[in-house]
Amino acid sequence: MEPAGEAPRNAQEWADIDAWLADRVVASDAVLDAALADSDAAGMPAIAVSPLAGKLLHLVVRLAGARRVLEVGTLGGYSTIWMARALPPAGHLTTLEIDAAHAEVARRNLERAGLSSRVEIIVGPASETLERFRTEAVKPFDVVFIDADKKSSDEYFDAALALSRAGGVIIVDNVVRKGAVLDAASANADIQGIQRMMERIRTERRVTATALQTVGSKGHDGLMIAIVNPG
Ligand code: SAH
Ligand code: DHB
Ligand code: MG
């Protein structure tokens, strides 16, 4: 470590501090560890939220008193477990995943976590499932976490808005991408999707939003957090 008071200068130092914080506020947890280990063993990318961010999602679900949570982008169910554990016994989480192999790993991870009865994984393109939810006018969600293909972040945000109750919370992961969002001429579809979503927030009066940069074990990125204003 650097001497006290000196600013961290590199990714390793940010990661060290992340680990130091997590060591204090996130209890070690065999079920979460196993979820990551099995995701890794299945060849899935190590792109689950960090432990500190997972715990933030958990706290948000509790702060919101949420009973209905929607997640877009399941992967191995790591963030799913964090959020589902924050639900009351009668609570329910729906998570959308396009990749059947990812969904199968997540299903086993949720089973081991004892959360199967509270979580439904819907396999398919999120855009189709979200469209169906709108058509069917499903009961509004209290918290929505958007963390799938970034090129569609703006579309998922619109759907989340339509599917949320007044006072509900919408969180979008990966809104910084190491600062790549600053490149207004970016040809990267993922960056463009995030840029469109954030541009919408600028004038979207139906939400009250903020955004936070994150550094540490997952590199430099960020979260957008919004509350849906009463109509
Ligand atoms: N929320 C997870 C990480 C999700 S990674 C966690 O923090 O633990 C992004 C996931 O979104 C991947 O599993 C990917 O397969 C899925 N995905 C990508 N495009 C999608 C789409 N169009 N519809 C639904 N899921 C999609
Ligand atoms: C990456 C990180 C994420 O949190 C995600 O949802 C997708 C991709 C990445 O670092 O590539
Ligand atoms: Mg993410």
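**Note on the ligand and metal sites**

1. By class, the shell around ligand 2 is made up of four charged residues, one polar residue and one nonpolar residue. The structure is a predicted model, and the remarks below should be read with that in mind. The residues that form this shell are I47, D147, K150, D173, N174 and R177.

2. An N or O atom in the side chain of K150 lies 2.8 Å from an oxygen atom of ligand 2, while for the side chain of R177 the corresponding distance is 3.0 Å and for that of D173 it is 3.2 Å. Taken alone, ligand 2 exposes 290 Å², of which the protein buries 67%.

3. The magnesium ion (ligand 3) is coordinated by D147 through OD, by D173 through OD and by N174 through OD1, at distances of 2.0 to 2.2 Å. Along the sequence these donor residues follow the spacing D-x25-D-N. D147, D173 and N174 also belong to the residues around ligand 2, and D173 has, besides its place at the metal, the side-chain contact to an oxygen atom of ligand 2 at 3.2 Å.

4. The polar contacts of ligand 1 involve both backbone and side-chain atoms of the protein. A nitrogen atom of ligand 1 lies 3.1 Å from a backbone N or O atom of I98, and a nitrogen atom of the ligand is also 3.3 Å from an N or O atom in the side chain of D149. H102 contributes a polar side-chain atom that lies 2.8 Å from an oxygen atom of ligand 1. On its own, ligand 1 has 580 Å² of accessible area, and the protein covers 90% of it.

5. As to location, ligand 1 sits in the largest pocket, and the largest pocket is also where ligand 2 sits.

Technical notes. Residues numbered from 1 in each chain as written. Chains lettered and ligands numbered in written order. Predicted model: local features only at pLDDT ≥ 70, side-chain atom pairs only at ≥ 80, totals over all residues. Heavy atoms only, no water. Near = heavy atom within 4 Å. Polar contact = N/O pair within 3.5 Å; in protein donor to acceptor, adjacent residues only side chain to side chain. Areas by Shrake-Rupley, 256 points an atom, 1.4 Å probe, with all protein chains shown as cover. 1 Å grid on protein atoms, 1.4 Å probe; cavity = no way out; pocket = protein on both sides within 12 Å on 5 of 7 lines; lining within 4 Å. Sits in = over half its atoms within 2 Å of the grid points. Nonpolar A, V, L, I, M, F, W, Y, C, P; charged D, E, K, R; others polar. Donors = N, O, S within 2.8 Å, 3.2 Å for Na, K, Ca; no water.
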